[in-house]
Amino acid sequence: FYVGARYNKLSGELLPTAMDASITRNAFAAGYFFTKNILLKAEYVKQKYNGFPTNNLYNGGKFDGLVVEAVVCF
């Protein structure tokens, strides 16, 4: 079985506005190895964009949902 958690944060100054912006992402995952090289994984992800100008595409942006992945390794 596979269990994992991840936290990422990116922050910095946006040019040319000199505003401070940040992106945060939390993820919790669980999966199962069917064989040595095949993994099925489900991941709950919450991502948020903060501090972007009102005219920016990322202003108020967020993602909150479930991601399912299958991986085959050779």
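A: In the hairpin of β1 and β2, with 4 residues between the strands, Ala 18 takes a positive phi near 60°. Strands here are DSSP runs of E with at least two residues, numbered from the N terminus. You are looking at a predicted model, in which local features need pLDDT of at least 70 and side-chain atom pairs count only at pLDDT 80 or more, while totals for chains, interfaces and linings use all residues. Residues are numbered from 1 along each chain as its sequence is written, and side-chain values use heavy atoms, with hydrogens and water left out.

The loop between β1 and β2 also holds Pro 16, which is joined to Leu 15 by a cis peptide bond with omega about 0°. For context, most residues other than glycine have a negative phi, and most peptide bonds are trans.

Gly 4, for instance, has Ala 29 in β2 as its bridge partner. β1 is hardly covered: among its 13 residues, the count of buried ones is 0. Buried here means under 20% relative accessible area, exposed means over 50%, and partly exposed lies in between (1.4 Å probe, protein chains only).

Now step back to the sheet. It is open, with 4 strands in the order β1-β2-β3-β4 and antiparallel pairing. β1 (2-14) and β4 (62-72) stand at the edges with a single partner strand each, so one side of each has no neighbour in the sheet.

β2 (residues 19-35) contains Ser 22, which is buried because its relative accessible area is 12%. Beyond residues up to four places away in sequence, Ser 22 touches Lys 9, Leu 10, Ser 11, Lys 48, Tyr 49, Asn 50 and Phe 52; a contact means heavy atoms within 4.5 Å. β2 is also joined to β3 (residues 38-50) by 13 bridges, again antiparallel, and Asn 26 stands opposite Lys 46 in β3.

Arg 6 forms one with Glu 43, the closest N and O atoms being 3.1 Å apart. Arg 6 belongs to β1 and Glu 43 to β3, so this pair ties together parts 37 residues apart in sequence. Arg 6 is partly exposed, at 38% relative accessible area, whereas Glu 43 is buried, at 7%. Glu 69 and Lys 41 form a salt bridge as well, with their closest N and O atoms 3.6 Å apart. That pair links Glu 69 in β4 to Lys 41 in β3, 28 residues apart. Glu 69 is partly exposed at 31%, and Lys 41 counts as buried at 15% relative accessibility.

The C-alpha atoms of Ala 70 and Leu 40 are separated by 4.5 Å, although the two residues are 30 apart along the chain. Leu 40 itself lies in β3 and is partly exposed, with 35% relative accessible area.

Key. Pairing = 2+ DSSP bridges. Salt bridge = Lys/Arg side-chain N within 4 Å of Asp/Glu carboxyl O.
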